[in-house]
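Here are a few friendly notes to read alongside the structure. Take the points in order, with the picture open beside you.

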Amino acid sequence: MTVLGKAIAHESARGHVTGSALYTNDLLPRRGGAAYAWPVTVPHARARITAVDTAAALAAPGVLLVLGAGDVPGENELGPSRRDEPLFPSEVQFFGQAVAWVIAETEEAAKLAAGRVVVDVEPLPAVLSIEQGIAEESYLTEPLFMRRGDAEAALAAAPRRVSGELFVGGQEHVYLETNAALAEIDDSGHMLVHSSTQHPSETQEIVARVLGVSRNRVVVQALRMGGAFGGKEVQANAWAAVAAIAALKLGRPVGVRLDRHHDMTLTGKRHPFLARFEVGFDDDGRILGAKVELFADGGWCLDLTEPIVYRAMFHIDNCYRIPAITVMGRGVRTNKTSQTAFRGFGGPQGMVVIEDILDRIARTLELPPRLVRERNFYREGDETHYGQPVRDAARIERIWSALLRSSSYDTRRAEIERFNATSPHAKRGIAITPVKFGISFTATFYNQAGALVIVYADGSVQVNHGGTEMGQGLHTKMMQVAAHTLGVRLDQVRAMPTRTDKVPNTSATAASSGSDLNGAAVKRACESIRSNLAEVAAAELAVPACTVVFEDGQVFPRDEPSRALDFSALARKAYLARVPLFSSGYYRTPEIHFDKATGTGKPFHYFAYGAAVTEVEVDRFTGAYSFRRVDILHDVGDSLSPLVDLGQVEGGFIQGLGWLTLEECVWDARGRFATSGLSTYKLPGLGECPLELNVALLEKATEPGVVYGSKAVGEPPLMLAISAREALRDAVAQFGSGGIIELGCPSTPETVYFAIRERTEAAGGARRAAE
């Protein structure tokens, strides 16, 4: 019986709940003579370093050395695409930036000594907001454009218009395992780095760069991560580089582990965005034309800001056809942490903007927002504003209609209206929003993957692939793909830690592409081995190789299962016959391309769809709210592992809920990240979870051309939480009558309270004027 598509537990579930699963920092105590690192930071948003005095730190007990720019044997540069990210800077670019690292016998000794390093600086003017960056023309990128039709003419001809501005806040990753790295010299005298990284090959590249050696002299292993969400795609490189330089100088293992405070103050977050827009529409609420500007706060260096801005531009349409549009995106340089990848990678910010616009249109026309959304849906045959056909556009309406029925939306809407009519101080709201999310790296060359599958003579299987496991269940899926393709039991398959000496030149595990890319590579490697084994079985069973079936650890002729050979016995026979029992597999996503000059192309292999209905109740006097019920219907194609996929949908929604309603990143007037601990940064807890959460996966949703008909699931569910923000807006609207609802993002209880107050004061003013 196949294990593919079966609801099985995560391959490390037992280790997670018992504490036996090892993470990078757990390896350090197992290394004799290991040393520990701690950062020396500077409390200025921008400053020129004039002197660094390390004498007192070097004299402290247990201190081995203090690392600075002079200790870098290679290039003092971390930037993956642009050389704008020095490991040891001469100028501080954000509050709390690390300018040196103390290495000591214990972490406590390193921490105490770091406080003894004296850094003299000359403070410089800093840019601390998107608006200030725009005013001072402080940019990380040139303006990026996508255009369809004549937006100016469409706006001029439109019978109605709305314009506005929306700030969309950032988000801290708050992975359970903070950033960590362990570097040591291996038995051959070369560098071995254990890193909590989503991109081992890039970490290998950066470590080799700072050491001044070729990449074949550095091996990076990613055992597993305790969460990442994009935050360890690029920004894991710095900690690995520090550990590697120290290990090379000392000739002993060195570990770097950021505590929660440093992880929150040294690493980037989801990009805050400022959107400015003007939209023309008809009396039915159909969009006719739009001009949109998207400004992303990229922080102090480029990082991944440009592709994140592009993805926001790609997703400014969400599920809606905009006949004429000009969208401009630009990364703004500020003196903050370098903002980076986060689940959705800019797509969520773009989608929040278009949903905000549609609500404004609906309230301007006094139409139900649900109806306005429906009227603007893509239909079969439509193309996006960047020229890609919207394949399976009918799924948008199919999911929408099915969810309206299963959630009893119309019945509940009537119930809510009755409740609101008799409840002056608490109001309920409900909203439904869709999701269309493009799947592929928008940098085309990243859309490739490799795998190495080994079958041993006893029939046991090892799977090596380029993807990293961060709790999302990628290894579980790869084991299921291998077991199904080889026709063996799941307990015969072992997923190995990701290593650059097993599978080279890998892409980051990101863009929701881990299963698509690595699954296809694993499948091809297994098919090659199975083909070899089929020839051996055919000779043993005296049947054509094309009739040999591999299933549940047995190998037999298609019509004669009683003649089955045990897979383990067949593997042994193949070994004795000198038939290879290992194979590499390689996959690259076909037919994807994008021309930046014209802003057109087919950047995505396919789209993932979904929709969510959220119901809320809001208190008039505090703005506090509860999520009464959430219903989700999401498209994952033919699920490789339904339990894993359900977990991703649920987790993605809750993380999106936190971003849009609770998690507020606050920088003070000095540029200090003020919400740098879990006492000040509000995460969703049990109290914020919906009282009722119903999640279903779309049936009969095979995706051709993807491994076993599946679809990506990592990022798209996060955007389902936009329905929660729109439900809050719907509830706020009940405290007054008519007009656009300005609602900040994140829509915290304070933000909701002020929106209610503005609403009630406007209603009171209108009554007084009428009297």
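1. A crossing is called right-handed if the near helix is turned clockwise from the far one by less than a right angle, and left-handed if anticlockwise. By that rule, H6 passes H7 in a right-handed crossing. Helices here are DSSP runs of H or I with at least four residues, numbered from the N terminus.

2. A word on the source: this is a predicted model, in which local features need pLDDT of at least 70 and side-chain atom pairs count only at pLDDT 80 or more, while totals for chains, interfaces and linings use all residues. Residues are numbered from 1 along each chain as its sequence is written, and side-chain values use heavy atoms, with hydrogens and water left out.

3. Now look at H6 (residues 200-211) and H7 (residues 237-250): their axes come within 9 Å and cross at roughly 40°. Axes are lines fitted to C-alpha atoms, for helices over the stretch in contact, with angles from 0 to 180 degrees between N-to-C directions. The two helices are therefore oblique to each other (under 35 degrees is roughly parallel, over 145 roughly antiparallel, 65 to 115 roughly perpendicular, and the rest oblique).

4. Who touches whom? In H6, Glu202, Thr203, Ile206, Val207, Val210 and Leu211 meet Asn237, Ala240, Ala241, Ala244, Ile245 and Leu248 of H7, where contact means heavy atoms within 4.5 Å.

5. Stepping back, the protein is divided into domain 1 (13-125 + 173-266), domain 2 (273-442 + 596-766) and domain 3 (448-588), with bounds from an automatic or database domain assignment.
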